[in-house]
Every structure is written in structure tokens, then in C-alpha cells.
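Happy to walk through this one with you.

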Amino acid sequence: MKRIVVTGGLGYIGSHTVVELQLAGFEVIIIDNLSNSSKDVLKGIVNITQKEPTFVELDLRDKQATISFFTKYDNIDGIIHFAASKAVGESVVNPLLYYENNVTTLITILQQIQKKENIPFIFSSSCTVYGQAEQMPIPENAPIQQAYSPYGNTKQIGEEILLDTTKAVNGLQVISLRYFNPIGAHPTAEIGELPIGVPQNLVPFITQTAIGLRKELAVFGNDYPTKDGTCIRDYIHVVDLAKAHVIALKRLLSKTNTESFEVFNIGTGKGSSVLEVIESFERVSKQKLNYSITSRREGDVVAAYANTTKANTILGWRAISSLDEAMLSAWNWEQKIRKTN
Ligand code: NAD
Ligand code: UFG
């Protein structure tokens, strides 16, 4: 059985990917420092898969502890690296935290695995690297724009580090997945997104408003040059996104990749406006959402949705869940966690 290390494997996207890896027959070793997750997530993973992954509580900023980990687990077959800090606003206030947690830790891991032969490496990148792209849907070869935030910059730097390292280290094979907007939860409602404090992202803010935790959703601007004036994003169900990691990993393990560093957009290819997301929520939850239009949020791009041709043709992956299915799963998850907490 192939052993895969998943850093940040108790987080939102990581936990869904651990589930898909275990269902696909991989053995998983999770590294997480619980800075943005909890050990309870393990229970959800076990309830879905009937299998407990190995969990190692470790802060990847601790270089010695990370070296010890890779010395102990010296026969691994791949790494999926999710662990990072991801709050855009916080990264503006505390950039060094972001460069340390997102860039230094990547370097530490690469220093360890470059000593080993041929370990496939999957990196969590983001559509934020495109900024406001001119071409829509956005292809992978669209120009990278200057990052708006230190967080976005860590993803650009991360990709550059990986590209340079694959050129220098014989046998290192990397796939960077540029996620668009992940939403939703596992259909069993055993795992999902657990934002700490007031959610910055649209979908958890919608579900928390509907459940009564927030008074109303502020829609940030309706004067954009779009069909209804609100911003357009590509909302992808987190389970579809998780499955893309398993497929990318299999590509590297089977050595069907043609280049040592490949980049794929992971989105649905469909753009939805903020109002369409609200309508979808109202449809699946059968209730009206309390919202009002406010001013624009600084830094928001007008539109971003993926050209997924490369992932469709080369990876043989495509998103299958609809926006309604994703919104229903997010709503079921919200109701479940508020009942149990
Ligand atoms: P998350 O915060 O839910 O998960 C990250 C996990 O990593 C958490 O469990 C956290 O405790 C852990 N972690 C953080 N720093 C660590 C460290 N130093 N050592 C060990 N563990 C550490 O985030 P997520 O939404 O699952 O995102 C996963 C990855 O995907 C991140 O790299 C993120 O930047 C990227 N990404 C996320 C989005 C999104 O909208 N969620 C979009 C694009 C890219
Ligand atoms: N929005 C609102 N009200 C809210 C929250 C969001 O109207 O309370 C709107 C935003 O203006 C935007 C859309 O909903 O038009 C989506 O906003 P999110 O914050 O959910 O997502 P973003 O596209 O802004 O950013 C997300 C992640 C970033 C990542 C980026 C690209 O939060 O970390 O996708 O991957 F960099």
C-alpha cells in the first residue's frame, strides 16, 4: 500500500482529501499543528472511511521536528502539502507570519524530500495568482499578476520555488493545483469547513447567517460590470477538489507526467455571481436569506473562473457537483455542527 504524507490533513481541504485517498486505497500519515483545525476531524474521517489515518501533531515551522519526522517515516511514496495560513487580511497585517508559515515550511519539506528518490509532491496553489485576468475563463498560461496580498505572494513564491527545485533536483516531480473557490462539505456531513471567528468567505457567511449566528450577509457591491452587478467566482465542491488531488497523485506515481513541474486549474469552469450563490442557497434550504448590498470590498477582482481544459484532458478530471449540491452540503454541515456544539 502506498504511504502518502498529507500536511494540513485535518484542515478543510486536507481532511476531504484524506478521505478520498483512503477510499482509493492509500495509507495516509497526517501532519498538522492544529492551528486551524481540531483532532475531532479524525473522528469524521474514520466515520466515513472506517479507517484511522496516522496523525502526527507537528508544527512544520519546527525544523528539527520536521527533520525527525522525515527520518522516522523514511519510506513514503508521496506528499500532498496543504499546511499553510490562508487569511488574506491577516497576511497584510502580519506578512512575516505568512512568509514563515507558507514559504519557510515548504523549503524545509523540500530539503528533506530532495534526499529521497522520486517522491511525488502536490502543492496547494490558488487562482489568486492570476489577479484580475484579462482572459475569461482563465487558462493556466494567463500571465501571473503582481500579488495583491502577502498570502497571494506566498503562493506565487511557492510555485517559483517548486519550479526551480524540480529543475535542480533530478527525479522531483511536482503538480501545483490552482484552486478556484472551494465550498461545501462532505455529503455525510461528517467533515466540513470550520472557520474560526467571523467568516471572511461568502458561503460560510451565508450558512452562519441562515442559522442565526450572523445578522445579515453584506453583499460587497452590485455595481461591477457583470450580469447582475455582483462579482463572479468559480465555486467548486470540496469533494471534487479533493478527488483532483488523488488523480494528480496517481499521475505522478504512474509517471505519466511529461514535465517535472505541472500546473492545473481546479475549478468548475462556470462563473457564478454572488446573487446566484444566494439564490442557490435559498433554493436548496427553502428559506430566504437576510442580506443587503453594501460597498465594494477592497481587493476583490470582478471575475475569476477557470478554463479547465488542461485538467479535463490531461488529468482526466472534471468537477461533477452542481452549485446547488455544494450549497446543500454546506447547509447540512452548518446545521449539523450547530446541533452538536
Ligand atoms: P485550513 O486552514 O482549513 O487547513 C490548513 C491546515 O494546515 C490546518 O489544519 C492547520 O492547522 C494546518 N497548518 C497550518 N500551518 C501549519 C504548520 N506550520 N504545521 C502544521 N500544520 C499547519 O485551510 P484549507 O482551506 O484547507 O487550505 C488548504 C490549502 O489550500 C492552503 O495551502 C491554502 O492556502 C490553499 N488554498 C485554499 C483556498 C480556500 O479558499 N480554502 C483557496 C486556494 C488555496
Ligand atoms: N462576498 C460578499 N460578502 C461576504 C463575503 C464575500 O459579498 O461576506 C463576495 C466577495 O466580494 C466575492 C465573493 O463573495 O465577490 C467571494 O468571496 P470569498 O471571500 O468567498 O472568496 P474570494 O474569491 O475573495 O477569495 C478566495 C479565498 C482566498 C483566495 C481566493 C482565490 O478566500 O484565500 O479565493 O483562491 F486567495
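**The ligand shell and the sheet**

Me: Which strand gives the most to the shell around ligand 2?
Reply: Good place to start, bearing in mind that this is a predicted model. The strand that gives the most to the shell around ligand 2 covers residues 217–220 and supplies 4 residues. Ala 218 is among the closest residues to the ligand. The strand you want is S8.

Me: By class, how many residues of the shell around ligand 2 are nonpolar?
Reply: The shell holds 22 residues. Of these, 5 are polar and 4 are charged. The nonpolar ones number 13.

Me: How far is an oxygen atom of ligand 2 from an N or O atom in the side chain of Arg 233?
Reply: Arg 233 is listed with the closest residues, alongside Ser 126, Asn 201, Ala 218 and Asp 300. Another side chain, that of Asn 181, has an N or O atom 2.9 Å from a ligand oxygen. For Arg 233, the distance is 2.7 Å.

Me: What share of the accessible area of ligand 2 does the protein cover?
Reply: On its own, ligand 2 has 680 Å² of accessible area.

Me: Which strands stand at the edges of the open sheet?
Reply: The sheet has 7 strands, paired in parallel in the order S3-S2-S1-S4-S5-S6-S11. An edge strand has a single partner, so one side of it is left without a neighbour in the sheet. That describes S3 (54–57) and S11 (261–266).

Me: What is the bridge partner of Ile 30 in S3?
Reply: Strand S2 (residues 27–32) runs parallel to S3, and 4 bridges join them. In S3, the partner of Ile 30 is Phe 55.

Notes:
Residues are numbered from 1 along each chain as its sequence is written. Chains are lettered from A and ligands numbered from 1 in the order in which they are written. This is a predicted model: local features need pLDDT of at least 70, side-chain atom pairs count only at pLDDT 80 or more; totals for chains, interfaces and linings use all residues. Side-chain values use heavy atoms; hydrogens and water are left out. Two strands pair if DSSP finds at least two bridges between them. Helices (H or I, at least four residues) and strands (E, at least two) are DSSP runs, numbered from the N terminus. A residue is near a molecule or strand if one of its heavy atoms lies within 4 Å of it. A polar contact is a pair of N or O atoms within 3.5 Å; within protein, one must be able to donate a hydrogen and the other to accept it, and residues adjacent in sequence count only if both atoms are side-chain atoms. Accessible areas come from the Shrake-Rupley method with a 1.4 Å probe; for residues, only the protein chains shown count as cover. Ala, Val, Leu, Ile, Met, Phe, Trp, Tyr, Cys and Pro count as nonpolar, Asp, Glu, Lys and Arg as charged, and the others, Gly among them, as polar.
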